[in-house]
Amino acid sequence: MSERYNPHTIEKKWQDRWEATGLYRSKVDWSKPKHYALTMLPYPSGDLHIGHWFAMTPSDARARFMRMRGYNVLFPMGFDAFGLPAEQAAIQRGIHPWRWTYANIERMRGQLRTMGAMFDWEREAISCTPQYYKWTEWFFKKFYEGGLAYRGEALVNWSDALQTVLANEQVIDGKDERLGQPVIQKLMTQWFFRITRYADELLDFSLLDWPEPVRIMQTNWIGRSEGARVTFRTQDGQPLEIFTTRPDTLWGATFMVLAPEHPLVAHLTSPEQAEAVRAYQEATARTTEIERLSEDREKTGVWTGGYAINPVNGERIPVWIADYVMISYGTGAIMAVPAHDERDFAFARKYGLEVRVVIQPQDAEPLDSATMREAYVGPGRMVNSGAFDSNLSNGEKGRKNPAISAVIDHLVREGLGQEAVTYRLRDWLISRQRYWGSPIPVVYDAEGNVHLVPDEELPVELPEDVEFVTGPSPLKTHEPFYNAGNGLRRETDTMDTFMCSSWYWYRYLSPKLDTAPFDPEEAAYWLPVDTYTGGAEHATMHLLYARFFNKAMRDLGMFDEAAKIAAAHGRDVETMFDEPMLQLRNQGQVLGAERVGDFVLCEGYFEGEKLFAQRVEVIDPTEAPSHFGGVMGEIMKRVEKTLFVGPELRLVEVLDDAEIIIPRVEGAANVNQLLHHLDIQRMSKSKGNVVNPDQLVATYGTDAVRAHLMFAFDWQKGGPWDETNVVGVVRWLNDMWDILLTTDFPAQGNPQAERNLERALHQTIDRVTRSLESFSFNTAVAALMALRNELKTAVRANQISHAAFREAASAVLRLMAPITPHIAEELWQRLGWPYSVHAQEWPAYDADKAKEDMVELVIMVNGKPRDKQLVPVDIQQADAEALALASEAVQKVLQGAQPARVVFIPGRKGQEPKVNVVT
RNA sequence: GGGGAAGUGGCGAAAUUGGCAGACGCGCAUGACUUAGGAUCAUGUCUUUUACGAGGUGAGGGUUCGAGUCCCUCCUUCCCCA
């Protein structure tokens, strides 16, 4: 053990060697199965932070693992480089977005390399380059030609003061974040993608291995509801269409509510109500959608003075406007059935409108419209509904509800309405009134007609010589850009950055290709993405857009050529291009830490500066006495019984028999229940709690940081950053280094010790394999650490032969390779095996070798373990039960009585057999 | 407001998905070695009890031979969206 493990000397060496030998070049090879591993690409914000490491290095470990298992793996990386921060930097610091972005990318690329990940840099794609956004524009054109892009009106956050449209995150409490001036909701003509056309197909997850929560969130996001469209009429016969999921309650509609923006409002408003209606409409324009949809908020509204006719019973009912009805949802109008809808009920009670029960529950007190205190939404029989009385409304939705079904048939027959489905999902608004995004390749003539920019003129490039000032996008005022000649005006809005990130994994296939967005030969082999990893915050928007994009591309024939090639190679192309990513896994977030510590009064005696406390009381800091003889303040840190109190960190040692009073803890409290100050929150520069990975790498080395990130958290959950644990990982690597470089072995090993090591090794192979398969990186590292303990003991005791050692070392290094690639490579070389450990096969698991000979039979009484007996691993039920009944502990409990039941649980894989004696 | 996730030692966490709760690591304690220790080694470490034992996975209830895991009610925290 002459030489100590020094990560810095070996890590750079191997990174260079891997690069030079092209170890990570991924090339199409039809003789091998492929695995496309994708991890979400970063936004080039300037510095790689620990969150990127947390997302990417475990994904890298898994990609490496898949490669060692015989897959040809593609694991690319790039940058999602358009977006607001670059433009803000331009405005605030006068740096052009190009320069800011490229400098950041340059820096982050270097940082990414220190991860030691197997990224294939030849496939790098950067979304803000003309080479990339040429194709983003091209996709827009194809979608337009395919009828998937259109111009429409939408409400935007408009700041009069800034003369610009703001993103939601730029609006705080209805005011803009820069000047604090009011922001209003304004209708503007913008570009949309018809994602709603795919609503039903997007609800089908049958091809996807995606986390249940993501599927649920997408399902809710799409929000399919079945019901009917029903045409009411204004008093003078104008049709007024509504959508309802409850046509069975039509007879209970006692008024109607329109969105304040509804076009018929002006028509319906009586002269007496005109002023009130106008005032209400103005107030609504100042209200954000979030506020309008909040159910906590008191419902408000104004009567228009007009009436409508309910088509099923000819009744005349008043028409109101209220901001809880949205113009963009459904038809912007509802029939109000206060007896059977919560919001309508609250509204009716507030304004004294009629409530009429039309569904009576069967097994409960009949409802009385005069006294009911909340809407009834459950099942029951229809009443007050003419010919439909006594029809059963069973609480189901749509056609599964016989009452709804019957009423829909009636509406269709009478020409009053039709069956309909609506979605909460709205079309994707892609227009952004910003500079730093992909241009929309469209020009308008004098009449406002849309003309696509011809393919040979793509990309429409962003002009560089513009000035960045607060306010409207510079494209709007930059004549050389907006003036397209021949009286044509260029579109000055740019595309949502989600657009760029909706197809980047296709660009990775052939990032330099100039004739198409991707090479069909590459696509035929690599697509679809097999494993996609990234943050759970993208569950709805990004991942829904990604799926939509893929389906639209499929339907526009963009995969036809790839499909042909794939089929020629014998691949099943039936569903190959239906979904972009087959498997999805989300990692959690690494957080900074924050928590207020307990504020304590500590009394006792001083020895020097240190207080030995006999009494510690937690109090409310606002009730702190002005003078206090002991130590008082917030616990900033606690190590077992030692407290560090207040900003001066005064030392308090809590005595064993000290009295501890914690109001939140009933009865006697324990020193361990005292909370110390902890900061847990998202890392952000302003909070100064950002962990710098460069610093960590400089201190501990890449392998240790990788292993620590994998070991210290449940990857899918994340948690507050804590560096204290890194030393455990460092010790593990140091130990492996020392153990594997041992040179002193006995001529003959101890057979028993060698068998034990072999068993431990194969159990570890099994555990690591299953852990990596299931993204449980922490248990993979734990298993390897446990094996370290075994190896260390065996080698120290000088009990295993050189041959047995080498067999174990070879497997161990291959198991470590995905997690800590550099040390594994270095030791692999030092032990004399040929380059590279990463090109080796994953160790084969042998269940026979992993098998224990003897195990402990757990003997339980009523489910509580009482006794243990060493038995052969394959013990049979009769023997186990006999052993259990004969056990002293069981005899003692039974007292000679017969057990009521004896349950034998055979020793399944990795588990001891058990017998449960039931008394 | 809507949607989602999670509550297990002093801390990060495991638990093969209904079968010995706390693997693995940090920290801590005691001891060894050392000029020194933020190195290394050994032992211990859920709570309570001298012990035998008893109890224990946010709280309360339920299902089961058996519940951290399944069901119901409640509490708390975090995340996302609009």
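Visitor: Hi! What kind of model is this?
Guide: It's a predicted one, where local features need pLDDT of at least 70, side-chain atom pairs count only at pLDDT 80 or more, and totals for chains, interfaces and linings use all residues. Residues are numbered from 1 along each chain as its sequence is written, and side-chain values use heavy atoms, leaving out hydrogens and water.

Visitor: How many salt bridges are in the whole structure?
Guide: A search finds 46, counting a side-chain nitrogen of Lys or Arg within 4 Å of a carboxyl oxygen of Asp or Glu.

Visitor: Which residue does Glu-201 form a salt bridge with?
Guide: Lys-551, with the closest N and O atoms 3.0 Å apart. Glu-201 sits in helix α6 (residues 199-202) and Lys-551 in helix α17 (residues 541-555), so the pair ties together parts 350 residues apart in sequence. Helices here are DSSP runs of H or I, at least four residues, and strands are runs of E, at least two, numbered from the N terminus.

Visitor: Is Lys-551 buried or exposed?
Guide: Buried, at 1% relative accessibility. Buried means under 20% relative accessible area, exposed over 50%, and partly exposed in between (1.4 Å probe, protein chains only). Glu-201 is partly exposed, at 28%.

Visitor: New topic: what's the strand order in the open sheet?
Guide: β37-β36-β39-β38, with mixed pairing; strands pair if DSSP finds at least two bridges between them. The edge strands are β37 (864-872) and β38 (901-905).

Visitor: And how do β38 and β39 pair?
Guide: In the antiparallel sense, over five bridges. Arg-901 has Val-918 in β39 as its bridge partner.

Conventions. Chains lettered and ligands numbered in written order.
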